[in-house]
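Okay, thanks for making time, everyone. I'd like to walk you through a structure I've been looking at; let me put it up on the screen.

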Amino acid sequence: MSDALKQSLDLSMFWEYRAILLQGLIFNALVFLCAASVALSVGLGAALMRINRFWPMRWIGTLHVEVFRNAPDYIMLVWVHFVLPLLIGMLIRRRVEFHPFVSAVIALGFVYSGYFAEAFRAGIQAIPQGNLDAGRAFGMSERLILWRITLPQVVRRMLPEALNLFISMFKATTIVSLIAVPDLMYNVSMVIAQEMRPLPLYTGAALTYFLIIFLLSVGVRHFSERWRRKILA
Amino acid sequence: MSDVPSIRIADIHKSFGPLEVLRGVSFDVHRGAVVSVIGASGSGKSTLLRCVNHLEPPDSGEIYIDGEPLGSRVDARGQRKPRSLAEINAMRRELGVVFQQFNLWPHMTVLGNVIEAPIRVRKLPRKEAIAYGEECLRRVKLIDKAGEYPARLSGGQQQRAAIARALAMRPKAMLFDEATSSLDPELKDEVLGVMRELAADGTTMIVVTHEMSFAREVSDRVIFLHEGRIEEEGPPADIFGAPKSERLRQFLSKYRK
């Protein structure tokens with residue numbers, strides 16, 4: 001085995017820096033949680049617009065989906081961090097700057113809101129009309145029908161797809177190191193700059209992400225399948 | 001007060017595009033009466049029932065529930081104005097609907113389905129809703145399935161659960177839209193049995209049906225729809241025993257072997 005390979009598989013250095021690396025990982029989790037909340041709520045809003053009765057609303061919803069689904073997350077991140085503050089600054093005639101964390105949450109949240117909007121829309125349109133008729137016949141308002149009848153079923157139906165989206169999203173959180181959000185990858189590069197031994201640190205980071213995503217998704221899939229089965233017979 | 005009908009259907013017209021489905025249908029349903037609506041497929045029966053609770057707003061005509069117009073109201077200046085959706089919602093809850101396809105909410109248990117509208121719409125305390133919901137499930141003989149999800153029930157059980165769900169709202173009248181049409185013959189009877197009991201208990205009912213024996217034995221009045229108009233109506237003995245119109249005779253002959 002070559003020395004370089006041996007070195008890159010020796011994780012003792014990665015372990016040595018576990019405290020600072022764990023801090024980075026917590027940042028990943030925070031970016032993920034905040035961006036996921038943005039993606040889900042903005043995505044639901046866009047989905048509701050896409051199926052609205054009024055065409056201008058539908059048009060805005062479609063535009064939203066197309067713009068954000070087709071924007072690479074890296075470019076979105078850079079644009080939100082560097083260009084968007086300039087535009088806003090011009091509008092309100094004040095100097096604006098985004099904290100890297102905020103830029104990361106907005107960029108990832110909006111990119112993924114495009115995907116979630118499509119998942120929500122497909123789920124909502126799959127609910128049989130009769131289910132909604134029954135709600136209306138018993139005097140339920142459209143809002144009540146959305147929250148009590150449509151969404152609970154949509155969430156169950158879209159779980160497998162949502163799980164995949166969450167996984168990609170968690171992976172995408174690693175690019176936030178580019179705008180200096182102190183996540184795991186950012187801290188890894190900091191340690192590398194100090195120790196000049198990139199190989200074991202990159203291997204350690206790769207393994208860490210793999211284990212976290214693998215274990216979480218297996219767990220979530222197991223739990224969600226049992227919950228879904230109940231209603232889908 | 002007693003001669004104000006529970007439901008008055010007054011000159012209902014409804015078109016879908018160029019297709020005129022209802023061409024002026026009027027009749028009254030008195031408290032405790034069972035009115036069956038029969039007719040060929042496409043005669044407008046189901047549309048009529050959907051118009052009664054404004055799931056399909058009629059193009060013209062009006063529905064009165066205990067004398068109150070459902071689609072419009074008269075304001076302080078004596079002008080007739082269309083009601084808002086919220087007002088229509090508040091009134092349509094007085095009519096319990098049972099659909100051909102059951103339309104139970106699959107993500108709720110049977111009891112969950114039954115107590116949903118009483119809690120969310122009638123604002124009944126949960127405990128009370130459960131107590132009355134269980135009573136309704138007992139009435140349709142389904143109390144042992146209260147905790148099951150609809151997907152695990154047979155069609156007949158699902159339809160009985162749907163009847164309990166409608167009863168739980170304590171409606172002034174029940175509307176049955178071909179409630180047994182999508183059931184296998186052996187499952188029809190358990191649902192028809194429940195409907196007979198409701199009728200015997202004095203429930204006001206409009207029953208759109210293909211079950212001629214049910215219409216004949218249970219209804220107080222039978223209405224025969226043909227191409228969106230009432231072709232003939234009367235007590236079941238006359239409709240089935242001495243049909244006057246040629247079309248009704250033809251229609252009935254298809255049901256006799």
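This is a predicted model: local features need pLDDT of at least 70, side-chain atom pairs count only at pLDDT 80 or more; totals for chains, interfaces and linings use all residues.

I'll start with chain A and then go through the sheets, loops and helices of chain B.

Okay, chain A. The secondary structure here is 10 helices and 0 strands. For a sense of dimensions, the C-alpha atoms of chain A fill a box of roughly 70 × 55 × 25 Å along the principal axes.

The helix pair I want to show you in chain A is α3(A), residues 18-50, with α8(A), residues 142-172. Their axes are 12 Å apart and the packing angle is about 135 degrees, and that makes α3(A) oblique to α8(A). The crossing of α3(A) past α8(A) is right-handed. And who makes the contact? On the α3(A) side we have N28(A), A29(A), F32(A), A35(A), A36(A), A39(A), L40(A), L44(A) and L48(A). From α8(A) come L146(A), L151(A), F166(A), M169(A) and F170(A). Sort the residues of this contact by type and you get 13 nonpolar, 1 polar and no charged.

Two of those residues deserve a second look. Over all chains, the structure holds 11 aromatic pairs, and one of them is F32(A) with F166(A). The pair is edge-to-face, with 6.0 Å centre to centre and 75 degrees between the planes. F32(A) sits in α3 of chain A and F166(A) in α8 of chain A, so this pair ties together parts that are 134 residues apart in sequence.

Right, over to chain B, where we get sheets. Let's take the 4-stranded one, which is open. The strand order is β2-β1-β4-β5 in chain B, and the pairing is antiparallel. Which strands are at the edges? Those are β2(B), residues 19-29, and β5(B), residues 68-69, each pairing on one side only. Helix α1(B), residues 45-52, packs on this sheet and touches β1(B), β2(B) and β4(B). The direction of α1(B) makes about 120 degrees with that of β1(B).

Now the strand pairs in that sheet. β1(B) and β2(B) run antiparallel and are joined by 8 bridges. If you want a landmark on the screen, find I12(B), which stands opposite V25(B) in β2(B). The hairpin made by β1(B) and β2(B) has 2 residues between the strands, and G17(B) there takes a positive phi near 60 degrees. At the other end of the order, β4(B), residues 60-65, pairs with β5(B) in the antiparallel sense over 2 bridges. The landmark for that pair is I65(B), opposite E68(B) in β5(B).

Next, the 6-stranded sheet of chain B. This one is open too, with the order β8-β9-β10-β3-β11-β12 and mixed pairing. β8(B), residues 95-98, and β12(B), residues 229-234, each have a single partner strand, so one side of each is left without a neighbour in the sheet. From one strand to the next, the twist averages 20 degrees.

For a parallel pair, look at β3(B), residues 34-38, and β11(B), residues 221-226, which have 4 bridges between them. There, S36(B) stands opposite V222(B) in β11(B). Helix α6(B), residues 185-200, packs on the sheet and touches β3(B), β9(B) and β10(B), with its direction at about 150 degrees to that of β10(B). Helix α9(B), residues 246-253, also packs on the sheet; α9(B) touches β3(B), β11(B) and β12(B), at about 100 degrees to the direction of β11(B).

K141(B) isn't a glycine, yet has a positive phi of about 60 degrees; you'll find K141(B) in the loop between α4(B) and α5(B). E178(B) is another non-glycine with a positive phi, about 45 degrees, and E178(B) lies in the loop between β9(B) and α6(B).

Last item: α3(B), residues 110-120, against α5(B). Their axes are 8 Å apart and the packing angle is about 25 degrees, and the two helices are therefore roughly parallel. α3(B) passes α5(B) in a right-handed crossing. V110(B), N113(B) and V114(B) of α3(B) meet A161(B), A164(B) and R165(B) of α5(B). By type, that contact divides into 4 nonpolar, 1 polar and 1 charged.

That's my tour, thanks.

Methods
Residues are numbered from 1 along each chain as its sequence is written. Chains are lettered from A and ligands numbered from 1 in the order in which they are written. Side-chain values use heavy atoms; hydrogens and water are left out. Two strands pair if DSSP finds at least two bridges between them. Contact means heavy atoms within 4.5 Å. Axes are lines fitted to C-alpha atoms, for helices over the stretch in contact, and angles run from 0 to 180 degrees between N-to-C directions. Angles under 35 degrees count as roughly parallel, over 145 as roughly antiparallel, 65 to 115 as roughly perpendicular and the rest as oblique. A crossing is left-handed if the near helix is turned anticlockwise from the far one by less than a right angle, and right-handed if clockwise. Ala, Val, Leu, Ile, Met, Phe, Trp, Tyr, Cys and Pro count as nonpolar, Asp, Glu, Lys and Arg as charged, and the others, Gly among them, as polar. Rings of Phe, Tyr and Trp (its six-membered ring) pair if their centres lie within 6.5 Å; planes under 30 degrees apart count as stacked, over 60 as edge-to-face and the rest as tilted.
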